[in-house]
Amino acid sequence: MVKAPVGNKLAILSALSRDHFISGQTLGEALGISRAAVSKHIKSLQDMGIDIFKVSGKGYRLNHSLPLLDQNKILPIWQALSDSPCRIEVQPIIDSTNSELMRRIQTNVDDLNSGHVLVAEMQQAGRGRRGRQWQSPFGANLYYSYYWHFEEGMQAAMGVSVAVGLAVYDALKALYELDVQLKWPNDIYINEHKLAGVLVELDGQMEGPCHLVIGIGLNVAMPNTAAQYIDQAWTDLSQHIADIDKNQLVVVLTLCLQKRLYMYQKNGLSEMVEQWNELNAFRDQAVSLSTGQRQWRGICEGIDHQGGLILRQDGECKTYYGGELSLRKEG
């Protein structure tokens with residue numbers, strides 16, 4: 001259940017618009033709280049990175065529209081596209097959608113079904129690869145995690161991030177006719193700018209049943225207050241698409257992910273390698289691969305059928321299964 005303060009914040013956000021002002025008194029009367037309480041909630045929302053204007057005598061207004069998740073809107077979209085049960089759960093604020101599903105695996109995994117999706121409006125401890133923080137301002141982006149029970153074991157799941165990247169490509173292509181590139185092992189790019197990242201976490205046996213939590217962080221409408229903390233070239237959907245329905249995005253992404261995971265479970269990456277290589281953001285470019293204290297350089301040739309990175313070094317192709325890839329700087 002949503003606690004009252006969080007519920008009030010969501011109600012205020014739902015009432016706010018970029019097109020007109022609404023007074024604190026009107027908001028307070030609608031919620032049954034004081035104008036001072038409204039002001040406190042507005043300040044808290046601003047601290048979360050939401051751009052809200054206040055003008056004396058007029059009230060409050062959003063600087064830009066905020067695409068919010070709504071469980072009641074997700075369900076009919078799902079039912080129109082799929083006959084299977086909808087297992088998408090929406091939380092307003094959470095530490096991390098991946099962390100929450102990993103906790104459930106440890107405490108009540110019997111209550112989880114493959115295909116259970118957890119999405120949130122804000123992560124207070126969002127994580128990227130190698131422990132990096134993922135900027136997660138309220139309502140601005142998509143914070144998404146998918147639970148998958150995988151019988152073949154952790155060893156067989158090592159290439160799953162390749163399938164996930166292609167699922168993101170599928171969803172954005174289907175919804176917006178948007179062409180993206182894929183960076184090994186787990187990033188989605190537009191014109192050399194990062195749009196989304198994937199974080200796959202595993203729990204279980206190397207060659208027996210295991211649990212996967214597939215996390216996807218996708219920039220939708222990143223506010224400038226959060227963007228200043230990002231240390232790489234980035235983009236978001238709002239820079240490329242005029243009208244974004246995050247509820248529709250969640251449904252289509254989930255269906256695309258289900259399809260790719262079924263392909264992966266059936267035949268591994270054999271049906272996906274060629275397409276991934278065509279979408280490779282660093283295709284035929286000079287790159288550096290870093291793993292801890294070591295670094296390799298070569299020409300990026302794409303991936304093999306296990307999802308390993310192929311580098312051409314001094315005329316010979318070698319395959320690597322871990323590390324951080326970047327374009328090689330000349331000089």
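Keep in mind that the model is predicted. There is an open sheet of seven strands with mixed pairing, and an open sheet of five strands whose pairing is antiparallel. The disulfide count comes to zero.

**The seven-stranded sheet**

- Reading across this sheet, the strand order is β3-β4-β5-β9-β8-β7-β6.
- The edge strands are β3 (88-94) and β6 (181-183); each has a single partner strand, so one side of each has no neighbour in the sheet.
- From one strand to the next, the twist averages 20°.
- At the β6 end, β6 pairs with β7 (residues 187-190) in the antiparallel sense, over three bridges. If you want a landmark there, Q181 has Y189 in β7 as its bridge partner.
- Helix α5 (residues 97-108) lies across β3, β4 (117-123), β5 (142-150), β8 (193-204) and β9 (210-218). Its direction is at about 30° to β5.

**The five-stranded sheet**

- Here the order runs β13-β12-β11-β10-β14.
- β13 (316-320) and β14 (324-327) are the edge strands, and each has a single partner strand, so one side of each is left without a neighbour in the sheet.
- Neighbouring strands in this sheet are turned against each other by 45° on average, direction ignored.
- β10 (residues 286-291) pairs with β11 (residues 294-303) in the antiparallel sense, through six bridges. β10 is also joined to β14 by four bridges, again running antiparallel.

**Helix α8**

- α8 covers residues 246-267, which is 22 residues; at 1.5 Å a residue they should span 32 Å, and the end C-alpha atoms are 31 Å apart, so the two values agree.
- At the start of α8, a side-chain oxygen of D245 comes to within 2.9 Å of the backbone nitrogen of N247.
- After α8 comes G268, with a positive phi near 60°.

**Cysteines**

- A disulfide is a covalent bond between the sulfur atoms of two cysteines. With a cut-off of 2.5 Å between cysteine sulfurs, the model has zero disulfides.
- C317 is in no disulfide, and the nearest cysteine sulfur, that of C300, is 11 Å away.
- C317 is partly exposed, with a relative accessible area of 47%.
- C210 has 0% relative accessibility, so C210 counts as buried.

- As background, most residues other than glycine have a negative phi, and most peptide bonds are trans.
- The W184 to P185 peptide bond is cis, with omega near 0°. P185 sits in the loop between β6 and β7.
- N191 is not a glycine, yet it has a positive phi of about 50°. N191 is in the loop between β7 and β8, and at 57% relative accessibility N191 counts as exposed.
- D314 is not a glycine either, and its phi is positive at about 55°. Look for D314 in the loop between β12 (309-313) and β13; its relative accessibility is 85%, so D314 counts as exposed.

Definitions and conventions:
Residues are numbered from 1 along each chain as its sequence is written. This is a predicted model: local features need pLDDT of at least 70, side-chain atom pairs count only at pLDDT 80 or more; totals for chains, interfaces and linings use all residues. Side-chain values use heavy atoms; hydrogens and water are left out. Two strands pair if DSSP finds at least two bridges between them. Helices (H or I, at least four residues) and strands (E, at least two) are DSSP runs, numbered from the N terminus. Axes are lines fitted to C-alpha atoms, for helices over the stretch in contact, and angles run from 0 to 180 degrees between N-to-C directions. Contact means heavy atoms within 4.5 Å. The expected span of a helix is 1.5 Å times one less than its number of residues. A polar contact is a pair of N or O atoms within 3.5 Å; within protein, one must be able to donate a hydrogen and the other to accept it, and residues adjacent in sequence count only if both atoms are side-chain atoms. Buried means under 20% relative accessible area, exposed over 50%, partly exposed in between (1.4 Å probe, protein chains only).
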